Amino acid sequence: MRVLFVCSGNICRSAMAEAFLRRALEEHSIAGDVRSVGFAKAGLPSPPDTIEAMRRHGLDITGHRSQSISVPALDGADLVLAMTGRHVREAVVMSPGARDRIWGFGELVRLGEEHGGRRGAPVQDWLSLLAPHRQAPLSLDDVEDPHGRASKVHRRVADQVLDLTTRLVTLMWDPVT
């Protein structure tokens, strides 16, 4: 399973999600390749407030450097999870063939909880079952961008991303959901 998280700069939200999902998969002994990218330039570190918010959750992302989104990255992922509806739209424009695998992070979790988890089915089969319930991306599913904001916003976003990641793991890898 190859999961790719997408946000604007790949220094806050998607970096958080990558770290949280990597840890969750390791804790559950689940094989997976987790990466993150953004629409901004590559090589940038996460801001200190993001690093501190993640440290509060027991994760050190000081070595993270942003990666730029690319068609090969989108095409190579089994599941692409974007932080906002705008990111979904921009990723689909870049790689229309990956449309069925590009979802809003909050959207996928919400629809999975409403319509049922994967239950061991192939990921693409599960996404196909959820696809008829997709709407134009809803802003309620967006993960707020903390970049340039107060440290409490970074902490709140880290809490939200952790919550979404925990729920995603239950939906995708717990056979009873």
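Predicted model: local features only at pLDDT ≥ 70, side-chain atom pairs only at ≥ 80, totals over all residues.

## Packing against helix H7

The crossing in which H5 passes H7 is left-handed.

Helix H1 also packs with H7, again at an angle of about 45 degrees, with axes that are 9 Å apart. H1 and H7 are therefore likewise oblique to each other, but here the crossing in which H1 passes H7 is right-handed.

The C-alpha atom of Arg 56 is separated by 9.3 Å from that of Ala 158, although the two residues are 102 positions apart along the chain.

## Salt bridges between separate parts of the chain

Across the whole structure, a search finds 14 salt bridges. One of them joins the side chains of Arg 2 and Asp 78, with a distance of 3.0 Å from N to O. Arg 2 belongs to strand E1 (residues 2–7), whereas Asp 78 sits in the loop between H3 and strand E3 (79–82), so this pair ties together parts of the chain that are 76 residues apart in sequence. Arg 2 is partly exposed, at 39% relative accessibility, and Asp 78 is also partly exposed, with a relative accessible area of 22%.

Are the two partners of the salt bridge between Glu 107 and Arg 134 buried or exposed? Glu 107 has a relative accessible area of 6% and is buried, and Arg 134, at 16% relative accessibility, counts as buried as well; both values fall under the 20% limit that the term requires. The side chains of Glu 107 and Arg 134 meet at 3.4 Å, N to O. This pair links distant parts of the chain, since Glu 107 is in helix H5 and Arg 134 is in the loop between H6 and H7, 27 residues apart.

## Salt bridges within a helix and in a network

Within helix H7, Arg 167 and Asp 163 are 4 residues apart, which means that about one helical turn separates them. These two residues form a salt bridge whose closest N and O atoms are 2.8 Å apart. Arg 167 is partly exposed, with a relative accessible area of 27%, and Asp 163 is partly exposed too, at 37%.

A further group of charged residues, made up of Arg 110, Glu 114 and Asp 141, is linked in a network of salt bridges.

## Positive phi angles in loops

Ser 29 has a positive phi of about 55 degrees although this residue is not a glycine. The serine is found in the loop between helix H1 (13–27) and strand E2 (33–38), where a relative accessibility of 69% makes Ser 29 exposed.

Arg 119 likewise has a positive phi of about 55 degrees without being a glycine. Its place is in the loop between H5 and helix H6 (123–130), and with a relative accessible area of 52% Arg 119 is exposed, the value being over the 50% cut-off for that class.

## A nonpolar patch on the surface

Which residues form a nonpolar patch on the surface? The patch consists of Phe 39, Val 71 and Met 94, which together have about 200 Å² of accessible area. Met 94 is located in helix H4, residues 85–94, and is partly exposed, with a relative accessible area of 32%.

Key. Residues numbered from 1 in each chain as written. Heavy atoms only, no water. Patch = residues over 30% accessible without salt bridge, like charges linked within 9 Å, V, L, I, M, F, W, Y side chains within 5 Å. Areas by Shrake-Rupley, 256 points an atom, 1.4 Å probe, with all protein chains shown as cover. Salt bridge = Lys/Arg side-chain N within 4 Å of Asp/Glu carboxyl O. Helix = DSSP H or I, 4+ residues; strand = E, 2+ residues; numbered from the N terminus. Buried < 20%, exposed > 50% of the residue type's maximum accessible area, 1.4 Å probe, protein only. Left-handed = near helix turned anticlockwise from the far one by under 90°. Axes fitted to C-alpha atoms, helices over the stretch in contact; angles between N-to-C directions. Parallel < 35°, antiparallel > 145°, perpendicular 65-115°, else oblique.
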